[in-house]
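This report describes selected local features of one structure. It treats a helix, the nonpolar cores, a set of paired strands and some backbone details in turn.

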Amino acid sequence: MIIQNRSFGTYSIDKNGNFSVGAEWRLRQEAPEEGAAALYEAARVWAGNVGEPFRVPTPEGGFTLSEELKVSSVSFKELEGGGLVVAYQAEPATGPELLGEVTEKIDRDGVRTRSASWSVPLVSADPENPEEPELPASGEPEESLLWPVPGTVLDWEGGAFVCESCEIKTNRLGQQAEVTVSAREVSILQLGGITDSRSADGERQRSVKFFVTDAELETFLWKYPLGFQAEWAGGRFYCDKIDTSPYGVIGNEVTLTAREIYTHLVSASRSEEFVSFSRSGGVRRQIVWTGVYQVMATEVFKFYKLTGTDASGWSEPNCIVTRVTPVRKSDIEYQVTVEAQHRNNPGLFENYTASDRSDLGGRRDIRADMCEFRVTPEQAGYQLAANGGREAIPGWSASSRCPFRSSGKLAENLVGAILHTLVVTVTTYHRGSASGVLEDMAGWTGSRVLTGEVADYTGSYLKVRQNCDETCDDAGDQYTRLTRSYQLAPNGFEWNPGYWDRH
């Protein structure tokens, strides 16, 4: 069983001045095939019982037991993504006693503050020396899990407050402590500082956590939308992920993650392949460089018409760009793969001169390329929900809004997935000028979807593009080269004519 701390240290004060502390742990199976019943049974054994010491997470991922707090309730909740949440609530083992009443003030700006004091019996740290109390005369709240430190969010009588101060004083005999907590009402609060990290490929990320009440959540998420510049993270950082989880019963913990996005070369790799020996016995090699760029969407145009230009800036000398493949990753980011070949590669020159013009009347040239198709949330039938997740689009119809034939919404795991398929390009030659094929080209555009054979392979095809140009065969007779490209439906799907005839 895999155990992770989900949240810790949610403090509550009820109307009678009673303190309690909450924590949540996530439990998942190492072998999911064991089933939910086995997980429940293992979780109940692990969770323990009411009255036992409170579990305090450690930086290493485990926990220690606090005798200062005793578990007052244990509950279990199943998660949609698999696993269970074990939620604890704990109360002081030797409860503090409220001194007097809670003091509440409202300043001229309408901000509410509260303060209260409690009397706490102290236990001697050294039984043989009762003059030495467990807490020092000027105690710090960090030494006691029971008391919140400044900056901690409190659920004070059902309202959200942030602790401004926590003072601990002991009497001369070290037998009693007086603890005074002051807090102000809050609706949005940054929890800690901004963390900076790098992924395995060197990509920089920054994240920050906020406490947000339910009433302010929608406005807060509108202020920090996905895909837009994250001013809190710095100039080249854009909001990439938003996670929202309950913070007790008074609000939410919202984690914003921003990723650094700018146009730059991410990686460059060189491949070398043996082709053949020449007549003189020399080695003929094919040298290919592949560069992968992260590109801002507003700058992807800079990579258009790059083929045929010099690539010595990121590859070895005497290389030219032969292929550019932009892939859209989001509204603000593209991944562009640039291929460059050495000018001496066997066959490179012929590829660009189209020198073979024999037997045009009986020729059919076929080329197949791997391509990618990314399913958008709208195409699958989903939209962004207020909590950052996905929800069904009301009134969505698969017959007109889904690119594939489907009786309903697509599986949610297809959203954003890259589906690999083929683009088959067929080139035929027709005797005469281009005007002789225009009627045929106009008829080809009547429907975007073709179900049948392309290059002797039966499938569901999307008509991608067609073009024609005039040429001559080796004898000097005029021909028109007609090129048509078809995209095969990925993953066994069939294209939906009701969608593509409108797009």
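## Helix α1

Helix α1 spans residues 36-47, and its 12 residues reach 16 Å from the first C-alpha to the last, close to the 16 Å expected at 1.5 Å a residue. The expected span is 1.5 Å times one less than the number of residues. Helices (H or I, at least four residues) and strands (E, at least two) are DSSP runs numbered from the N terminus. The model is predicted: local features need pLDDT of at least 70 and side-chain atom pairs count only at pLDDT 80 or more, whereas totals for chains, interfaces and linings use all residues. Residues are numbered from 1 along each chain as its sequence is written, and side-chain values use heavy atoms, with hydrogens and water left out.

The buried residues of α1 are L39, A43, W46 and A47. They cover an arc of only 90° around the axis, which places them on the same side of α1; the arc is taken from the directions from the helix axis to the C-beta atoms. On the other side, A37, E41 and V45 are exposed. Here, buried means under 20% relative accessible area, exposed over 50%, and partly exposed in between (1.4 Å probe, protein chains only). The buried residues of α1 pack against β1 (2-13), β2 (19-28), β3 (53-57), β4 (63-78) and β5 (84-92), where contact means heavy atoms within 4.5 Å. Just after α1, G48 adopts a positive phi of about 80°.

## Nonpolar cores

The largest nonpolar core has 35 residues, and those with the most contacts inside it are F54, Y88, W118, W147, L154, W156 and V181. Strand β2 gives the most to this core, with five residues. Apart from it lies another core, of 19 residues, among them F373, A380, L414 and W495. A nonpolar core is a set of buried Ala, Val, Leu, Ile, Met, Phe, Trp, Tyr and Cys residues joined through side-chain atoms within 4.5 Å.

## Strand β23 and its partners

Strand β20 (residues 364-374) is joined to β23 by 11 bridges, and the two run antiparallel. In this pairing F373 stands opposite L419 of β23. Strand β26 (residues 478-488) also pairs with β23 in the antiparallel sense, over nine bridges, and V423 stands opposite Q487 in β26. Two strands pair if DSSP finds at least two bridges between them.

T427 belongs to β23 (residues 418-431) and counts as buried because its relative accessibility is 10%. Its side chain makes a polar contact with the side chain of T483 at 3.3 Å. A polar contact is a pair of N or O atoms within 3.5 Å; within protein, one must be able to donate a hydrogen and the other to accept it, and residues adjacent in sequence count only if both atoms are side-chain atoms. Not counting residues up to four places away in sequence, T427 touches R363, R364, D365, R481, L482 and T483.

Most residues other than glycine have a negative phi. E157, although not a glycine, has a positive phi of about 55°; E157 sits in the loop between β9 (153-156) and β10 (159-170) and is partly exposed, at 38% relative accessibility. N318 is likewise not a glycine and has a positive phi of about 70°. N318 lies in the loop between β17 (283-296) and β18 (319-328) and is partly exposed, at 34% relative accessibility.

H342, in strand β19 (residues 333-342), is buried, with a relative accessible area of 12%. Leaving aside neighbours within four places in sequence, H342 is in contact with I287, E316, P317, N318, C319 and L348.
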